[in-house]
Amino acid sequence: ISACLVGSEMCIRDRYSKVSGGDKKSPLSLFKRMTGLRQTIEKVVENHLPDPSHFVVEVKVEDKAGKTLVLVLIDADQGVTIDACAKVSRAISEELETNEMLGDAFILEVSSPGLDYPLSSQRQYLKNIGRELKVFSVSGSDITGKLLEADNGQVKLLVKKKEKGKKATEEEVLIPFAEIKKSIVQVSFK
């Protein structure tokens with residue numbers, strides 16, 4: 001079985017290893033194992049990306065009902081296709097099985113992050129220049145504006161300011177990456 005999530009379509013690969021069992025581990029031991037495993041899987045994913053325009057957004061590894069769930073989010077400078085997700089999914093699954101990296105049954109999901117997923121890298125900001133962005137700051141405030149730039153450790157937004165009884169004006173606002181808690185691309189249906 002193989003699939004991905006691009007837009008509203010989902011791609012899942014579910015494989016079962018021939019290796020069984022394992023002993024019960026402490027939460028700390030499980031956390032350390034999952035962290036090391038996540039880093040190893042991230043390297044595997046990077047090795048199987050279709051071309052340099054593709055990049056890893058996130059790799060999550062968690063225990064779910066006795067199986068290891070591996071969630072891989074990939075993106076590309078010009079957008080990721082379902083075919084790219086499927087190819088990456090097959091390649092990762094094959095390597096995980098061949099090298100017996102996951103001794104128990106596992107579920108592998110490879111997808112694009114989707115529009116409602118927070119931006120996490122400068123590369124994602126760059127591919128969204130020209131789009132409306134809602135930025136939540138670490139101080140608790142938020143600001144929405146058109147993304148103009150993303151470089152030198154900061155983003156530049158064009159923000160509309162509307163004062164009562166006055167014509168709306170636009171103002172450029174610089175926000176350092178260090179002050180950004182999360183940023184979400186705003187979907188426009190205009």
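Student: How many helices and strands does the protein chain have?

Tutor: Welcome! This is a predicted model, and its protein chain has three helices and 10 strands. Read from the N terminus on, the elements follow the order β-β-α-β-β-α-β-α-β-β-β-β-β.

Student: Why is Gln124 called buried?

Tutor: Buried means under 20% relative accessible area. Gln124 has a relative accessible area of 2%, so it is buried. You will find Gln124 in helix 3, which covers residues 122-127. In the protein chain as a whole, buried residues make up 33% of the 190 residues.

Student: What is Gln124 in contact with, leaving aside its neighbours within four places in sequence?

Tutor: Its partners are Phe55, Val57, Asp75, Pro113, Pro118 and Leu119. Each of these counts as a contact because heavy atoms lie within 4.5 Å.

Student: Which residues touch the most other members in the largest nonpolar core?

Tutor: That core has 21 residues, and those with the most touching members are Ile41, Val45, Val72, Ile74, Ile92 and Val110. Two or more residues come from each of helix 1 (27-47), strand 3 (54-64), strand 4 (67-76), helix 2 (82-98) and strand 5 (106-111). Helix 2 is the element that gives the most, with five residues. Take Ile92 as an example: beyond its neighbours within four places in sequence, Ile92 is in contact with Val44, Val45, Val72, Leu108 and Val110. Another core, of 14 residues, lies apart from the largest one, and Tyr125, Ile143, Leu147 and Ile175 are among its members.

Student: What is the order of the five strands that form an open sheet?

Tutor: The order is 9-8-7-6-10, with antiparallel pairing.

Student: What makes strand 9 and strand 10 edge strands?

Tutor: Strand 9 (169-176) and strand 10 (180-185) each pair on one side only. On average, neighbouring strands of this sheet are turned by 40 degrees against each other, direction ignored.

Student: How do you know that strand 7 and strand 8 pair?

Tutor: Two strands pair if there are at least two bridges between them. Strand 7 (residues 142-151) and strand 8 (residues 154-161) have five bridges, so they pair, in the antiparallel sense. Along this pairing, Lys146 stands opposite Leu158, and Leu147 stands opposite Leu157. The hairpin of these strands has two residues between them, and Asn152 takes a positive phi near 55 degrees there.

Student: How many bridges join strand 8 to strand 9?

Tutor: Eight bridges join them, and the two strands run antiparallel. With at least two bridges as the requirement, strand 8 and strand 9 therefore count as a pair. One of the facing residues is Val159, whose bridge partner in strand 9 is Glu171.

Student: Where do contacts reach in sequence, taking residues at least 6 apart?

Tutor: Among such contacts in the protein chain, 56% join residues at least 24 apart.

How values were computed. Residues are numbered from 1 along each chain as its sequence is written. This is a predicted model: local features need pLDDT of at least 70, side-chain atom pairs count only at pLDDT 80 or more; totals for chains, interfaces and linings use all residues. Side-chain values use heavy atoms; hydrogens and water are left out. Helices (H or I, at least four residues) and strands (E, at least two) are DSSP runs, numbered from the N terminus. Buried means under 20% relative accessible area, exposed over 50%, partly exposed in between (1.4 Å probe, protein chains only). Axes are lines fitted to C-alpha atoms, for helices over the stretch in contact, and angles run from 0 to 180 degrees between N-to-C directions. A nonpolar core is a set of buried Ala, Val, Leu, Ile, Met, Phe, Trp, Tyr and Cys residues joined through side-chain atoms within 4.5 Å.
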